[in-house]
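Hello,

Here is the structure you asked about, followed by notes on what was found in it.

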Amino acid sequence: QKDGQLKGRKVIVTAGGTLEPIDPVRYISNRSSGKMGLAFAQAASEAGAEVLLITTSDLPVPFGVEVKRVETAQQMLDAILARYDWADLVVMAAAVADYRFSQPAEQKIKKQAEHQALHLDLVENPDILAQLGAAKTHQYLIGFAAETNDLLAHASEKLKKKHVDMLLANDVSKENIGFGYDTNELLILEPDKSPITLPLASKLELARKILLDVAKKIK
Ligand code: PMT
């Protein structure tokens with residue numbers, strides 16, 4: 001067994017944007033690359049944890065990390081629930097689509113007659129993090145908030161509503177922060193504590209710093 005601050009701990013990390021199919025050849029998704037989640041998977045593994053990475057991303061996975069590849073929010077939810085009892089810590093870095101198509105077409109949708117709009121119906125996806133928050137037994141739960149405005153207000157609301165132990169908020173409207181970059185800046189929120197900002201650094205450095213702190217909390 002590896003040594004480190006998270007030795008013997010079981011960690012689930014999610015990464016990447018979910019893909020929600022329109023038909024067999026098309027989908028909607030978002031700009032998440034999976035880098036933030038991968039950084040947490042690597043940092044947790046380095047710290048001695050057993051890590052399950054549930055990801056939509058094709059990026060190479062750090063050595064020693066178990067990986068489960070998924071596409072949709074529903075598949076991500078099923079994959080987490082199958083192992084939720086096992087986990088001591090869950091990091092929800094994935095960008096989960098809030099909506100999916102109500103009925104993905106079985107055949108490729110044909111182009112409409114000229115100048116005709118195409119209307120597709122969206123229905124709500126499960127809120128994975130909120131479900132994990134409600135079903136929590138011994139797990140320490142870390143959620144994210146990706147915001148383009150009123151970072152603190154929106155993130156504080158998600159912290160409460162989803163019953164997480166720690167919420168990491170990023171202002172994705174800014175350069176070098178959030179989607180796609182190798183760097184990030186995170187505002188850390190915890191229940192009944194003042195927010196702390198971790199200034200711009202590589203995603204890996206941030207993940208290492210946060211997990212060092214979390215390891216002390218779950219001792
Ligand atoms: O992947 P990268 O390119 O490295 O980019 C990193 C990131 C910007 C994707 C990451 O830092 C980040 O912010 N991830 C969360 C993105 C997101 O979905 O944020 P949200 O504010 O919409 O959701 C809040 C939280 O609820 C998140 O932990 C999310 O995983 C979760 N959620 C959201 C919707 C949903 N239906 N189910 C969920 O579990």
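Strand S9, residues 140–147, is mostly covered, with six of its eight residues buried. Please keep in mind that this is a predicted model.

S9 pairs with two strands that are described here in turn. With strand S6 (residues 89–92), S9 runs parallel, and four bridges join the two.

From S6 the pairing continues to strand S1. S1 and S6 are parallel and share four bridges, and Thr14 stands opposite Met92 in S6. S1 covers residues 10–15; five of its six residues are buried, so the strand is largely enclosed by the rest of the structure. S1 also pairs with strand S4 (residues 50–55), in the parallel sense and over six bridges. Within that pairing, the bridge partner of Val13 is Leu53 in S4.

Now the annotated positions. The unreviewed UniProt entry carries a "binding site" annotation that covers Asp98, Lys108, Pro126, Asp127, Ile128, Leu129, Phe144, Lys158 and Lys162. These positions are spread over 65 residues of sequence and are also spread in space, with up to 37.2 Å between C-alpha atoms. Two of the residues named in the record, Lys108 and Pro126, were looked at individually.

Lys108 lies in the loop between strand S7 (99–101) and strand S8 (122–124). Is Lys108 buried or exposed? Lys108 counts as exposed, because it has 11 C-beta neighbours inside 10 Å and the cut-off for exposed is 12 or fewer. Leaving aside neighbours within four places in sequence, Lys108 is in contact with Asp23, Pro24 and Val25.

Pro126 sits in the loop between S8 and helix H3 (128–134). Pro126 has 15 C-beta neighbours inside 10 Å and therefore counts as partly exposed. Not counting residues up to four places away in sequence, Pro126 touches Ala73, Gln74, Leu77 and Gln131.

Some overall figures for the protein follow. The protein has five helices and 12 strands. Of its 219 residues, 40% count as buried. Along the principal axes, the C-alpha trace spans about 60 × 40 × 30 Å. How does the radius of gyration stand against what a compact globule would have, and what is its value? The protein has 18 Å, which agrees with the value near 17 Å that a compact globule of 219 residues would have. As for contacts between residues at least 6 apart in sequence, 62% join residues that are at least 24 apart.

Regards

Notes
Residues numbered from 1 in each chain as written. Predicted model: local features only at pLDDT ≥ 70, side-chain atom pairs only at ≥ 80, totals over all residues. UniProt positions renumbered as here; feature names shortened; annotations may be inferred. Buried ≥ 20, exposed ≤ 12 C-beta atoms within 10 Å, placed from the backbone. Contact = placed C-beta atoms within 7 Å. Pairing = 2+ DSSP bridges. Rg over C-alpha atoms; globule rule 2.2 N^0.38 Å.
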